[in-house]
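Please read the points below with the model open beside you.

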Amino acid sequence: MALLTESSPPPVTQDLRNGWVRLRTLLMLRWLAILGQTVTVVVASFFLGLRIELGLCFLAIGASVLSNMIAMTVFPPSQRLRDVDAMLTLIFDMTQLSFLLFLTGGLNNPFALLILAPVTISATALTLRSTVILGVMSVAMITLVAFYHIPLRQMDGTVLAQPRQILLGFWISIVIGIVFLSVYARRVAQEVQTMNEALLATQEALAREQKLTDLGGVVAAAAHELGTPLATIKLVSTELAEELEGNPELAEDARLIRQQADRCRDILRDMGRAGKDDLHMRSAPLGAVMHEAAEPHEDRGVALHFAFEPVEGEAEQPVIFRRPEIIHGLRNLVQNAVDFAKSDVWIDGAWGDGHIRLKIVDDGEGYPTDLIGRLGDPFLRRRRSGREQSRRPGYEGMGLGLFIAKTLLERSGATVSFRNARDPFLLDEESGARRGAMVEVTWPAAAIQIGEAEAKAPLGVNRRFPA
């Protein structure tokens, strides 16, 4: 079944969250925690009339202050922490918070909910191992302070305590919150990381295609500039050969010079065809752009069938911008179709009604039905069956190819959709040849089509090759 090919494979096989967190970030968060803890202790003791062990509370807060001062003195502000160092820093914060909860009533203190913070930070920026360790320790610490703590008392000695049922519910809610927020934050962070890596691969692919286009312009300019001196060399060598007929060896050398000049002319002419930097190479008919995109896959043992026709009326093919993102995106779609086709791939183009449409269909087994809704997502993994592994033993589909194609084409204004051409209610022999995967790309004509006057304008002047 057709999965996804990738033009540049940077698969993520391990968690690379090492050095993600700056020490300055954790220190700033700790300063905010210190400020909040100090204000809370002062307000609870002097304004709410609660009997609190102020000495021990300020000892715990002072430990955080001392830790911050030492870290700011020893390490530079831009210091990035290794995964282990960041985990130990968060463990210290969690232990300090648990000690404060022990001094102020345990789970009877509503600020016990803050035990979620270190685990959430770990799930966002640290590895799975560190997150699991912090999660287990947070559950253990919140359980300990639930049973062992100094009661929270008012000045008259009245103990402030919640009913056991409420405390049990609070403990359960904190444990569920630790698990849920950890999974949720980690999932979101992984999605962001995956998307960033996929977009980076897309930018690299587009930059590579742009470099090839720019290189073609340089080659065309070089061919244009070298044409005149080569013609002069050929003319002079021809005259020398005629004048040196009495000396066979020198005449042969002159003819050799002429032959090599002809060879250089032919090479430069071929290179100039591929990269002439004028308005003609910045735009081309729809069929020409599609043929250029599919050209690298024409000799891979799968027949490519092209058909271009108007929806109504307009018989002449539209002239569209020959942009690197369009060519590279279409090339990836053709590559995916050829990779999974049995023998044929059909590429159909149509225009009219203010739109330009391309449809790429193969005769393979189609997309897996369970993945159709996710096609175009980066690094899309799927466990392959034994049959699929035997067909392509070295293939590891990551979804990056279709993600790059979809992103680049959508950047040009297109809408890309994926589906299977086969009718699920028909047998293979009843479905016809076009029964595999289908990709449809639709542009508003105004997005990529060049106006008639601009398309028929004279070619631009070639740029002079820099000395």
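Which residue in E8 does Gly349 stand opposite? Gly349 stands opposite Leu358.

1. Basis of the note. This is a predicted model, in which local features need pLDDT of at least 70 and side-chain atom pairs count only at pLDDT 80 or more, while totals for chains, interfaces and linings use all residues. Residues are numbered from 1 along each chain as its sequence is written, and side-chain values use heavy atoms, with hydrogens and water left out.

2. Overall make-up. The protein has 15 helices and 10 strands; helices (H or I, at least four residues) and strands (E, at least two) are DSSP runs, numbered from the N terminus. Of its 467 residues, 40% count as buried, meaning under 20% relative accessible area with a 1.4 Å probe and protein chains only. Among contacts (heavy atoms within 4.5 Å) with a separation of 6 or more, 79% join residues 24 or more positions apart.

3. Strand E7 and its neighbours. Strands count as paired if DSSP finds at least two bridges between them. E7 pairs with E5 (residues 303-310) in the parallel sense over 8 bridges, and with E8 (residues 355-362) in the antiparallel sense over 8 bridges. Gly349 takes part on both sides: Phe308 is its bridge partner, and Leu358 stands opposite it in E8.

4. The turn. E7 and E8 form a hairpin with 2 residues between them. Asp353, in this turn, has a positive phi of about 60 degrees.

5. Nonpolar cores. A nonpolar core is a set of buried Ala, Val, Leu, Ile, Met, Phe, Trp, Tyr and Cys residues joined through side-chain atoms within 4.5 Å. The largest has 38 residues, of which Leu330, Leu333, Val345, Val441 and Trp443 touch the most other members. Helix H10 (residues 324-340) gives the most to this core, with 7 residues. Leaving aside residues up to four places away in sequence, Val441 touches several residues, including Leu333, Ile356, Leu358 and Leu409. A second, separate core of 27 residues includes Leu90, Ala112, Leu126 and Ile142.

6. Helices H2 and H3. The axes (lines fitted to C-alpha atoms over the stretch in contact) of H2 (residues 54-74) and H3 (residues 83-103) come within 9 Å and cross at roughly 170 degrees. H2 and H3 are therefore roughly antiparallel to each other, a label for angles over 145 degrees, on a scale from 0 to 180 degrees between N-to-C directions. Among the residues that meet are Leu56, Ala60 and Ile61 in H2 and Phe92, Phe99 and Leu103 in H3.

Methods: Parallel < 35°, antiparallel > 145°, perpendicular 65-115°, else oblique. Buried < 20%, exposed > 50% of the residue type's maximum accessible area, 1.4 Å probe, protein only.
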